[in-house]
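Here is a briefing on one protein chain. Please read it with the sequence and the model side by side.

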Amino acid sequence: MKVGYVRVSTREQNTVRQDEIMKKLGVDKVYTDKLSGKDTNRVQLASMMEFVRSGDTVIVESISRFARNTKDLLELVEELTKKDVQLISQKESLDTNTPAGKFMLVIFGAVAELERNYINQRQREGIDIAMAEGRFTGRPKKSLDQFEDVYNAWKLKKISASKACKQLEIARSTFYRRVKEYEEDQTVDF
């Protein structure tokens, strides 16, 4: 049986291009994930890996759609190999049934991982530049007009931290971060 795996990084992206490839190749069943490929915790990928049986062929548009780092790629392929399932990557013309295909798999996996690292590096550099220019400041802080009253009640043990968080409508981690900031601001240097 020909089993296809399609992945895009976000729900907003569409799978049309990959779906067309699956149709052209006569794939019998397609599994589709719409989330990042940074790890293998993908529902449809797990379902596909459980579904395939000996003699099946898994078809992907490209290695980067299947796995974004060499370690995950090799683990997935090893799992397929143990099940006697072949992997074919359309873009790279890769077939894991041949020694050359297995070798190229490692090379392409490393290239996909390098590409992902470059993307992350460029993104980080862009954010750093934007922050330096004052264009990127992160999410604005939530205005907590009644923080001081809630803080004092919490400090006097009139209310719990959970109750304080509910009153302020913030997460516990945010509450404790604000407590730390507030207490640091209240410290007077002599």
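Predicted model: local features only at pLDDT ≥ 70, side-chain atom pairs only at ≥ 80, totals over all residues.

The lining of the largest pocket has 7 charged residues, alongside 4 nonpolar and 1 polar.

**Pocket lining**
- One stretch of the lining of the largest pocket includes Arg-139, Pro-140, Lys-141, Lys-142 and Leu-144.
- Glu-169, Ile-170, Ala-171 and Thr-174 also line this pocket.
- Arg-177, Arg-178 and Glu-181 are lining residues as well.

**Overall build**
- The protein chain has 8 helices and 5 strands.
- Along the sequence, these elements follow the pattern β-α-β-α-β-α-α-β-β-α-α-α-α.
- The radius of gyration is 25 Å, whereas the globule rule gives 16 Å for 190 residues, so the chain is more spread out than a compact globule.
- Along the principal axes, the C-alpha atoms fill a box of roughly 75 × 35 × 30 Å.

**The sheet**
- The 5 strands form an open sheet with mixed pairing.
- Their order is β2-β1-β3-β4-β5.
- Which strands stand at the edges? They are β2 (29–34) and β5 (94–95).
- Each edge strand has a single partner strand, so one side of each is left without a neighbour in the sheet.
- Strand β5 pairs with β4 (residues 86–89) in the antiparallel sense, over 2 bridges.
- Ser-89 has Leu-94 in β5 as its bridge partner.
- Helix α2 (residues 43–51) packs on the sheet. This helix touches β1 (2–8), β2 and β3 (57–60).
- The direction of α2 makes about 155° with that of β2.

**Helix packing: α4 and α5**
- Two packed helices are described by the angle and the distance between their axes.
- How do helix α4 (residues 70–82) and helix α5 (residues 99–132) lie, and at what angle do their axes cross? The axes come within 8 Å and cross at roughly 145°.
- On the α4 side, the contact involves Thr-70, Leu-73, Leu-74 and Val-77.
- These residues meet Leu-105, Val-106, Gly-109, Ala-110 and Glu-113 in α5.
- By class, the contact of α4 with α5 has 6 nonpolar, 2 polar and 1 charged residues.

Notes: Residues numbered from 1 in each chain as written. Heavy atoms only, no water. 1 Å grid on protein atoms, 1.4 Å probe; cavity = no way out; pocket = protein on both sides within 12 Å on 5 of 7 lines; lining within 4 Å. Nonpolar A, V, L, I, M, F, W, Y, C, P; charged D, E, K, R; others polar. Pairing = 2+ DSSP bridges. Helix = DSSP H or I, 4+ residues; strand = E, 2+ residues; numbered from the N terminus. Contact = heavy atoms within 4.5 Å. Axes fitted to C-alpha atoms, helices over the stretch in contact; angles between N-to-C directions. Rg over C-alpha atoms; globule rule 2.2 N^0.38 Å.
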